[in-house]
Amino acid sequence: MKTWTLLLILLLLPLNHVSGAPWDDQAVDSTSYGIIRESHGEGDGKYWIFRPSRPGRYPVVVFIHGWAATEPLFYMAWIRHLVGRGNIVVYPRYQNLLDTGSENFTDNSAEALKDALMRIGDEYSGELFLIGHSAGGIIAVNLASRDDLPEPGAVLAVQPGVSEEGRKFENLTGIPPGTLLVVMAGDDDNITGSRDSYLIMEETPQIPSERKMFLLVRSDGPLRADHLSPLAVSDEFGVLVDNLDYSGYWKVLDILIELGGENRTLMDVDMERIQDMGNWSDGRPVQRMILLYRPGVGWMI
């Protein structure tokens, strides 16, 4: 289902840009969902800021998209969820749609984040979290390793790849040891697989085991943990959200934000809560996530 929706969106995106659809450059847009949206810059330097309409000081979540998902609508339901929970979301577009080179992706994202933090100003609480999907997962861990950006409280790399055997990674030992680091792979992901998830875990020995976790998301019936499963499309394209989002990807990031904001470790979370995926309508449990690397224990396989 998500595959067909993605193809439809890719076909319609050029029409959106011609017709002046909601994702083109604009000033401030206040929506009925209590979100204020801004866009700044252009090309591979463009980024969006989504913030709660109520003034305050909020954590910043940097949401780094997958390859070619250059518009926020690909993850808009997830972005709304994050803002609704009291976060400001920064969405860098580190590439033009037809870009093929990746050597500037991390730098583009870093510059967008720096500019966004200046614009956010006093609304930034000082808490920073990084979430990246696919190519964005590589960028997220790269950003976490840099000393020209604020230290993140947590990093979530969802189905990261493809790093070309690690060549696209920066020095991941530069990630501060106090960072919470979680990687998530899907058992039906035949695009990036899990190789880079393992590499991220292996190349961050400075992070103690109680601050690291590797989860495998499993398919169950119509729920397919494939490479497109983290997409959460909404707005003019309808809603594309399922239990893999609510009980999987979204839940894990929400927990990381809670822990990071309180300077706690992954040992402070009930692993049953992490792995649980809820039940089907007939009461049958949805396939639980598997812990491949358990906090405080290490590799489980």
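Reader: Is S163 buried or exposed?
Author: Buried. This is a predicted model, and in it S163 has a relative accessible area of 0%. Buried means under 20%, so S163 qualifies.

Reader: Where is S163 found?
Author: In the loop between β7 (154-158) and β8 (180-186).

Reader: What lies 2.8 Å from a polar atom of its side chain, I mean S163's?
Author: The backbone nitrogen of G166.

Reader: And which residues is S163 in contact with, leaving aside neighbours within four places in sequence?
Author: I138, K168, F169, D196 and L199.

Reader: New topic. How much space lies in the second largest pocket?
Author: About 210 Å³. The lining has 14 residues. S102, F105, I138, I139 and K168 lie nearest the centre of that pocket.

Reader: Which element gives the largest share of that lining?
Author: α4, with 4 residues. Both α3 (105-120) and α4 (135-144) supply at least two.

Reader: How do the lining residues divide into nonpolar, polar and charged?
Author: 6 are nonpolar, 4 polar and 4 charged.

Reader: Now the largest nonpolar core. How many residues?
Author: 52. F50, F63, W78, L156 and M184 have the most contacts inside it. Helix α6 (residues 243-261) gives the most to this core, 9 residues.

Reader: What does W78 touch, not counting residues up to four places away in sequence?
Author: F63, I131, P230, A232, Y249, W250 and L253.

Definitions and conventions. Residues numbered from 1 in each chain as written. Predicted model: local features only at pLDDT ≥ 70, side-chain atom pairs only at ≥ 80, totals over all residues. Heavy atoms only, no water. 1 Å grid on protein atoms, 1.4 Å probe; cavity = no way out; pocket = protein on both sides within 12 Å on 5 of 7 lines; lining within 4 Å. Points joined across faces, edges and corners; volume = space filled by probe spheres on them. Nonpolar A, V, L, I, M, F, W, Y, C, P; charged D, E, K, R; others polar. Buried < 20%, exposed > 50% of the residue type's maximum accessible area, 1.4 Å probe, protein only. Polar contact = N/O pair within 3.5 Å; in protein donor to acceptor, adjacent residues only side chain to side chain. Contact = heavy atoms within 4.5 Å. Core = buried A, V, L, I, M, F, W, Y, C linked by side-chain atoms within 4.5 Å.
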